[in-house]
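Please look through the model shown here before reading on. The report that follows takes up its helices, their packing, its aromatic rings and the confidence of the prediction.

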Amino acid sequence: MPSALTVTFVQATILNAISNILAQLIDQRNNKGPFTLNLLALAQFLIYGIIIVPPNFYWQRALEARYPGFPSRAEFKDAFSARRLKSLFSPRAWLSLFSSKHDDSLPSHDKEKEKHARWTPRAQTSGLRCFLMKFFFDQTLASITNIVLFVAIINLLKGENLSKTWELVVLDFKPIMSARLKYRPIVSALMYTVIPVDRRVVFGSACGVIWGVYLSLYAVV
């Protein structure tokens, strides 16, 4: 039986191919001649996907191991109560999101056991807190890393040198991030409330098909 990574890798690659072909169809929609598939562009996009899928797969696993579980309906209801909304204006409430109940004073042999159990989910203390932390890291660290890698890898595959590639990363980062923020929060909200951890990269790739069509139609970047 294939591993979860293998299944994710194959499914994400197929979805990435569909996304690129659809983008090419839309890009050439005004041409009077027959559609011509740009095999080089397709190959470059697929190579990018091959490189990016494994780190994203393990990132999602690590994130889930650190902040396990889903928020319950009761937690959402309590979060939007008058008392909770009032507490949002307290700096202590925001700082508590980043605090951990992990005891750094553990004996060294216990720390070693924890190090080897990095993929084992910790005991859940608050599903809502875990959701907020995963959502936060997906919108910041993951988004920044994925955008930089996308621009860098695609342009390196096109034959650009490192200096030119970095210039393009700086130039393209802001418009891509701006466009990403128009759809990614919805994707993240679904990912961290209803999508199992091993299906999140595929789910993101499926949403990426729509994302590619959106970028092509509205020429955001």
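In which hand does H7 pass H9 in their crossing? H7 passes H9 in a right-handed crossing, where a crossing is called right-handed if the near helix is turned clockwise from the far one by less than a right angle, and left-handed if it is turned anticlockwise.

This is a predicted model, in which local features need pLDDT of at least 70 and side-chain atom pairs count only at pLDDT 80 or more, while totals for chains, interfaces and linings use all residues. Residues are numbered from 1 along each chain as its sequence is written, and side-chain values use heavy atoms, with hydrogens and water left out.

**Overall make-up**

The secondary structure of the protein chain comes to ten helices and zero strands, where helices (H or I, at least four residues) and strands (E, at least two) are DSSP runs numbered from the N terminus. Of the 221 residues in the protein chain, 33% are buried; buried means under 20% relative accessible area, exposed means over 50%, and partly exposed lies in between, with a 1.4 Å probe and protein chains only. Among the contacts between residues at least 6 apart in sequence, 79% join residues at least 24 apart, a contact being heavy atoms within 4.5 Å.

**Helix packing**

| Helix pair | Angle | Axis separation |
|---|---|---|
| H2 and H7 | about 160° | 10 Å |
| H7 and H9 | about 145° | 10 Å |
| H7 and H8 | about 135° | 8 Å |

Helix H2 covers residues 39-66 and helix H7 covers residues 127-157, and the two pack at an angle of about 160°. That angle makes H2 roughly antiparallel to H7, given that angles under 35 degrees count as roughly parallel, over 145 as roughly antiparallel, 65 to 115 as roughly perpendicular and the rest as oblique. The crossing of H2 and H7 is right-handed, and the residues that meet there include Phe-45, Tyr-48 and Trp-59 in H2, and Phe-137, Leu-141 and Phe-150 in H7.

H7 and H8 are oblique to each other, and their crossing is right-handed as well. Among the residues that meet between these helices are Ile-144, Ile-147 and Val-151 in H7, and Leu-168, Val-169 and Phe-173 in H8. In the packing of H7 with H9, Phe-131, Phe-135, Asp-138 and Gln-139 in H7 meet Arg-184, Pro-185, Ser-188 and Ala-189 in H9.

**Aromatic rings**

The structure holds six aromatic pairs, and rings of Phe, Tyr and Trp (its six-membered ring) count as a pair if their centres lie within 6.5 Å, with planes under 30 degrees apart called stacked, over 60 edge-to-face and the rest tilted. One of them joins Phe-57 and Tyr-58, which are edge-to-face at 5.3 Å centre to centre with 85° between the planes. Phe-57 counts as buried at 2% relative accessibility, whereas Tyr-58 counts as partly exposed at 37%. Phe-136 and Phe-137 also form an edge-to-face pair, with 5.4 Å centre to centre and 65° between the planes, and Phe-136 is partly exposed with a relative accessible area of 35%.

**Contacts across the sequence**

Val-10 is found in helix H1 (residues 4-27) and is partly exposed, with a relative accessible area of 43%. The C-alpha atoms of Val-10 and Val-202 are separated by 9.3 Å, although these residues are 192 residues apart along the chain. Arg-199 lies in the loop between helix H9 (184-191) and helix H10 (200-218), and Arg-199 is partly exposed, with a relative accessible area of 35%. Not counting residues up to four places away in sequence, Arg-199 touches Val-7 and Gln-11.

**Confidence**

The mean pLDDT of the protein chain is 77, and 69% of its residues reach 70 or more, pLDDT being the predictor's confidence in each residue, from 0 to 100. Over residues 102-106 pLDDT stays under 50, and the model has five contacts beyond four places in sequence for them. Over residues 114-123 pLDDT also stays under 50, with 16 such contacts. Where pLDDT is low, the predicted coordinates should not be read in detail.

Note on methods: Axes fitted to C-alpha atoms, helices over the stretch in contact; angles between N-to-C directions.
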